[in-house]
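Here is a short report on a predicted model. Please look at the structure before reading on.

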Amino acid sequence: MKSHIYENRKYVLAGIALVIVLCYIARLAFLQLSDGEYKTRADDNAFFNNVIFPARGAIYDRNGELLVFNQPAYDVMVIMREVHNLDTLDFCKTLGITRKQFDERMALIKDRNKNPGYSTYTQQLFIPQISSQEYGVFQEKLFRFHGFYIRERTIRRYATDHCAHILGDVAEVSPAEVENDDYYDPGDYIGKQGVERSYEPELRGVKGVQILLRDARGRIQGHYRNGALDRKPIPGKNLTLSIDAKLQALGERLMEGKMGAIVAIEPKTGEILCMVSAPSYDPHRMEGKQRGAQMMEMQRDPMKPMLNRAISGTYPPGSTFKTSQGLTFLQEGIITSSTAYPCYRGFVTKGMRVGCHGHGSPLPLIPAIATSCNGYFCWGLYHMLNNRKQYKNIQEAMTTWKNYMVSMGFGYKLGVDLPGEARGMIPNADYYDSRLGQWNALGVISIAIGQGEVTLTPLQIANLGATIANRGYYITPHIVKRIEGGHLADSLLVKHKTKVEKKYYDMVAEGMRKAVLGGTCRSANTSMYEVCGKTGTAQNRGKDHSAFMGFAPKDNPKIAVAVYVENGGFGATYGVPIGSLIMEQYINGKLTPASEAKAASFQSRHIDYGTRAR
Amino acid sequence: MTIQEQGSKGIFLSIDWMTIMLYVILIVWGWFSVCGACYDFNNPDLFSWETNSGKQIVWAGTSLVLAAVLMLIEKRFYDTAAYVIYGAMMILLAVTIVIAPDTKGSRSWLPLGSSVKIQPAEFAKFAVALALGKLMDEYGFSIRKTKHISIAIALIVFPMLLIIGQKETGSALVYLAFFLMLYREGMTGSLLFSGFAFVVYFVVGMKYSEDHLTYIPTSVGEFTVLLLAMIFTISMVWIYCKDIFTVKLMSYICFGSTLIALIFAAFVIPFDVCYVMLPICILMILYLIGLALYHRYIRYGLIALFAVASTAFYYMTDTLFEHLDDHQRIRIEVLLGMKDDPRGAGYNVNQAKIAIGSGGLFGKGFLNGTQTKLRYVPEQHTDFIFCTVGEEEGFIGSAGVLIVYLLFIWRLIIVAERQTDTMGRVYGYCVLSIFLFHLFINVGMVLGLTPVIGIPLPFFSYGGSSLWGFTLLLFIFLRMDAERNLKRQ
């Protein structure tokens, strides 16, 4: 046959087939056996991680009163391709928007530049967070608006008008927060201030995820591996604060129209019973959509209502600080219970004079505390710093003094479980060396009476009260009493012993008792329980600050309080009456009618701070 | 025993069971792939008539029945009826253009009843193959005779034109596969080579027409095409005319002047080297024509014709390109890497590559492919079925499919070669050429190597028409083969 001469051409054809198949296998190897790029891209295509947000933990006060909870909010969603025969007029009227707003919103959704995830097949956000009332009306007509859906979310709601600084708030995470913590994705919510922030990990719970399969049109087709890899969300833990809501409410009432703070601590446990910072604000202002605008307004306010003065404000403690001085001098042997120092209307030596008010002289420690004698404590510090038998030089004496102060919780953060705590100021030898060069006891003597360089936060003043109430130790003050299904950080339960023995604390407590019985705190005296107290009148550039530090009852104390009213004048003017009302409310659970009347009068006594920015 | 009985027994024994085994492997493998591609989350029953996988079982079952029936039809029938079948098919193709409803722009589907549609173009291949077999088996037929080969080519081109008329350019291109058979039967290799050369011109010329040689203002595409035209032409003179003198002369002039032009342009005055190369090519063509007339030797003339076409081709491509449909032009541009358009024309190929690439070595497992099941790859159960294989069965599976195909084609070559008459061999080569062409284009487009031409992967792509069409094509041949021993008795 003729074509037999071409029989070898079968090899050409077989060769073509072989070359094609080999080329394709090589190409397959290139595509399939190289890096995982295609795998990643296929996964990005197909897997839609549907994040399920856990319910954020609720917050209660120490008596189980609900303070913060979650409330459903409703987003109006739209699937564009399902929208047809829409009665736009009725729709706009139902949602209370104009035709123009409707058109703008629709255009914005369709704009792929501004809405990169746009698909006509998936739900797009039309209006966020409509109210329950709007939802009710809209829900009734929803069946007529094809393509529109409701998506439920939760927003944080407050059951109280108080505790704004303590509770804090939640808001969308900032880009920096997303960057720093892998847990967060843009659009998530995070605690921004207060307990919401410091207990964010407990409150938020753990997000769950459903791995869904998404088709090319963005429609969800089912669970990947029937949900085997899905994770259920873990709900946030509920918090019980140590705050007594009634006490807090009273504190906020009493501080109306004033600037300053009240802190009350249960001495035995370190639990903070109330923490008032004035001026304050209504926590409802931080709910939902309005938060941003409200924040802006408050940040512009010269009174700084957002500042938690109880932990972030640092003030000269004034005479409340004298208790710590007495303790130090006793423990160091500078004085004994019977050591008396003269005070002739003040501390006067070598041309130096620290004024004092009129009282008997000379006085030993207990009456010195009771009458808040400046001279006594100046002499004490003077003798301590100049004692060359015990201390080689003034620096060593100063360092010893500073160590006492630090052991009492001053000069450093106490470690309260709230963000924004300040450390206050306790000067040390280095500080004076560098600031003053050559210096002597007289140059720094005002620190003995809580003036000069010394500053404390109201929390530290209250903690001083708690330490004296405990006769020598304190538990880290903390605001959360219990975490449901969890436990408090160990650092919050540590017992800190000061460098001073109990017997000296008894003397100082006795002094504070005398101050109530016949000294500066007479108005705090009551027959119901034994109150111990110490006033403070802190000098500053303007009118004196009015301060009070005390605890009650004297034995087995239940509450230690610090009150600080900026520019309130004498400690007895605002500090003592406010402090005694707080004690009464907490110990008795209510105020007597007379006290109630007193509270009402203090509520309405406002201090004029002018308009100067602080 | 009657002759009839002897015949059937002989036929049964002579059936090429190996081909049938490969056929069954491909169909079963194909069915699993269709399952993966068509998996419906709302209807996970693979055997339900509602799903494509369920229907494919029916198409496969009926194909086996069809195969059995075909094994009963004697070769004599085809021998007698080849031209009648061809004529009837051509009429059907022509009628289809007129009566077929418009389906996505093509008029190639004939509705039979309410739910079943058939595509006559899928069935016309066997008719053309039979007609070619019959033609070339005729006494005195010589493929080297221009008249004879012209008739053969006309038999191929006519249905192509009809199918192009149905707006199914892809299906029409399949008929080019018959040229492989013609080559085996003795058609000059230069035609096949010319076809190859023009594809190279087109790809290189289009892809690099905008690029320029470093330092020289000459289009890389134009330069390369002209250079290739010179090389191919001179090679042809060498191979077909054995005229060493002319080869040397033309080589010196062509490559010498090109080299000088390049050096001059690079170091002295930059200019477009093609201004030199083009006149040289024309000179070369004129010389070849002169030789043809002088020696009265037609081969010089044909080579001159090739050279003319080669030289003119580059300049014609632009015009040609303008005349393509928009979607075809964009497909070609994307394929050549001239356009990157992952959301538009490149979307299919891009998603197909992701599907295959994500399969890795072992694949994601049966029904676990996400790209294909979630409809990221369009036409994933028909033209892009190979994606499912790549994604779910990985490199092992997809390379395996290719190897089974290679075995299948290799087996068909063996079977075709053992035919005792021209008709059987020609028909056999037609069959294997068609399978090879489908494999080449279909897998190539999924891998992003060939243009996206919508033709199915035999036995894998979902669909009754294509499965029946390929079964028809194959089993007529297997019956012819089974009769090979009968004639000797």
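## Basis

This is a predicted model: local features need pLDDT of at least 70, side-chain atom pairs count only at pLDDT 80 or more, and totals for chains, interfaces and linings use all residues. Residues are numbered from 1 along each chain as its sequence is written, while chains are lettered from A and ligands numbered from 1 in the order in which they are written.

## Chain B

Chain B has 18 helices and two strands. These are DSSP runs, numbered from the N terminus: helices are H or I with at least four residues, strands E with at least two. Of its 489 residues, 45% count as buried. Buried means 20 or more other C-beta atoms within 10 Å of the residue's own; exposed means 12 or fewer; partly exposed lies in between; C-beta atoms are placed from the backbone.

## Contact between A and B

Chain B gives 38 residues to the contact and chain A gives 30 residues. Two residues are in contact if their C-beta atoms, placed from the backbone, lie within 7 Å. On the side of chain B that touches chain A, H16(B) supplies the largest share, 12 residues.

## Backbone features of chain A

Ala278(A) and Pro279(A) are joined by a cis peptide bond, with omega about 0°. Pro279(A) sits in the loop between strand S12 (271-278) and helix H11 (291-300) of chain A.

The loop between S19 and S20 of chain A holds Asn556(A). Asn556(A) is not a glycine, yet its phi is positive, near 55°. Asn556(A) counts as exposed, with 11 C-beta neighbours inside 10 Å.
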